[in-house]
Amino acid sequence: MIIGVPKEIKNHEYRVGMVPASVRELINHGHEVIVETNAGIGIGFTDQDYVDAGASIINQASDVFAQAEMIVKVKEPQAVERAMLREGQILFTYLHLAPDLPQTEDLIKSKAICIAYETVTDDFGGLPLLAPMSEVAGRMSIQAGAQALEKSNAGRGMLLGGVPGVEPAKVVIIGGGMVGNNAAQMAVGMGADVVVLDRNTNVLRKLDAQFGNKVKAIYSTADALEKHVLDADLVIGGVLIPGAAAPKLVTKEHIKSMKPGAAIVDVAIDQGGCIETSKATTHAEPTYIVDDVVHYCVANMPGAVPRTSTFALNNATLPYILQIANKGHVQALLDNKHLLNGLNVIDGQVTCQSVAENLGFEYVDPAVALIN
Ligand SMILES: NC(=O)c1ccc[n+]([C@@H]2O[C@H](COP(=O)([O-])OP(=O)(O)OC[C@H]3O[C@@H](n4cnc5c(N)ncnc54)[C@H](O)[C@@H]3O)[C@@H](O)[C@H]2O)c1
């Protein structure tokens, strides 16, 4: 199969669909990989790195789209990219179609085979191609929070780990899933006093087994939440109720009663945020202040560390890219029900139930759409 990797064109997007090591794996399996010139330059990969891995370099995105049987990207295709898709071509990338009617209409019109990273599932009820970005954001949240606590950023002027003779900062993490667990790892590593609140007792058991008495794993009632948030130096928002907007667990009144200079990193901002005073920010201006509390609410945190994020994403996507390339999309999708869950649009039909329901399209069972 000919696999094409265009350079990402969304504003400030430096990640790339495939690193040279992934290219080499595909070449070793007998495939051909074409990469747009400078596709990886933002994260330190030169065209020569890709050539060394066995890829051919193509100067124009239009030629990559024209020649490739499968396009592997990171972000959803922009309008100019959608116009270059063609019938029967495979697109494998993040799509996030449910709130995006123009993109969905264009993908339907293209008659391409559009597989979304974010709806691929696994045997444990997880979303394996979303998980790496939660790992990155969770770990980054402590880094961002540590900076927000610095005096020059209007924080309390505290070091997370304290020093000998001086108490560490108290970090309260709401939600102990992928984001929360990774945040806890970093916070413990930096020597903070760490509390994680979750409503799932299995999550609390796992935290307890993993961290012992270095993390206080607490059941998340309104009472416990209020007690710990008001006493926190840094709060991390990492809750998720799949498919729903994040619940506003920290209210305006809580914010008013928090310590002046305390900081909040609301990682769940991409689902609307779990803090009532949160509003999405960008890396250009990541923080703002409400009632003396520093708020960091960047909706695409992994974008700040595109090199790490690209490797993490590639580790997760490569097995699926190989399955599709080796077997062809029909067999790969029929053989793997979790990959089939990633199929959002094929041959002009919407095969993801939530996308169809959200946007008012007829839903077609992906297995049926595939064999027709
Ligand atoms: N801002 C970013 O750049 C960025 C990047 C990656 C992920 N995210 C977002 O971070 C959020 C968390 O993602 P995740 O992968 O960790 O999800 P996850 O499903 O692994 O974990 C969420 C946890 O929240 C817990 N929870 C639900 N309701 C709760 C409540 N009332 N109190 C306490 N805990 C509660 C769940 O039990 C679960 O353990 C999501 O909204 C995700 O989209 C944001």
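**A buried histidine, the ligand shell and a loop glycine**

In this predicted model, the side chains of His228 and Lys170 form a polar contact at 3.0 Å.

Me: Where does His228 lie?

Reply: His228 belongs to helix α9, which covers residues 222–230.

Me: Is His228 buried or exposed?

Reply: His228 has a relative accessible area of 8%. Buried means under 20%, so His228 counts as buried.

Me: And which residues is His228 in contact with, leaving aside its neighbours within four places in sequence?

Reply: Those residues are Lys170, Val172, Val195, Leu197 and Ile218. Lys170 is also the partner in the 3.0 Å side-chain polar contact.

Me: Let us turn to the ligand. Which residues come nearest?

Reply: There are 26 residues around the ligand, and Ser134, Val179, Asp198, Asp270 and Met301 come nearest.

Me: What does the backbone of Val179 do there?

Reply: A polar backbone atom of Val179 is 2.7 Å from an oxygen atom of the ligand. For Met301, a polar backbone atom is likewise 2.7 Å from a ligand oxygen. Leu240 has a backbone N or O atom at 3.3 Å from an oxygen atom of the ligand.

Me: How much of the ligand does the protein bury?

Reply: The protein buries 86% of the 870 Å² that the ligand exposes when taken alone.

Me: Which elements give two or more residues to the shell?

Reply: They are α6 (131–148), α7 (178–189) and β8 (193–198). Helix α6 gives the most, with 3 residues.

Me: What is the make-up of that shell by class?

Reply: The shell around the ligand has 15 nonpolar residues, 8 polar ones and 3 charged ones.

Me: A change of topic: where does Gly88 lie?

Reply: Gly88 is in the loop that runs between α4 (79–82) and β5 (90–93).

Me: Why does Gly88 count as partly exposed?

Reply: Its relative accessibility is 43%. Partly exposed covers the range between the buried limit of 20% and the exposed limit of 50%, so Gly88 falls in that class.

Me: Leaving aside neighbours within four places in sequence, which residues is Gly88 in contact with?

Reply: Gly88 is in contact with Lys111, Ala112 and Ile113.

Me: How far apart are Gly88 and Lys111?

Reply: In sequence, Gly88 and Lys111 are 23 residues apart. In space, the C-alpha to C-alpha distance between the two is 6.5 Å.

Definitions and conventions
Residues are numbered from 1 along each chain as its sequence is written. This is a predicted model: local features need pLDDT of at least 70, side-chain atom pairs count only at pLDDT 80 or more; totals for chains, interfaces and linings use all residues. Side-chain values use heavy atoms; hydrogens and water are left out. Helices (H or I, at least four residues) and strands (E, at least two) are DSSP runs, numbered from the N terminus. Buried means under 20% relative accessible area, exposed over 50%, partly exposed in between (1.4 Å probe, protein chains only). Contact means heavy atoms within 4.5 Å. A residue is near a molecule or strand if one of its heavy atoms lies within 4 Å of it. A polar contact is a pair of N or O atoms within 3.5 Å; within protein, one must be able to donate a hydrogen and the other to accept it, and residues adjacent in sequence count only if both atoms are side-chain atoms. Accessible areas come from the Shrake-Rupley method with a 1.4 Å probe; for residues, only the protein chains shown count as cover. Ala, Val, Leu, Ile, Met, Phe, Trp, Tyr, Cys and Pro count as nonpolar, Asp, Glu, Lys and Arg as charged, and the others, Gly among them, as polar.
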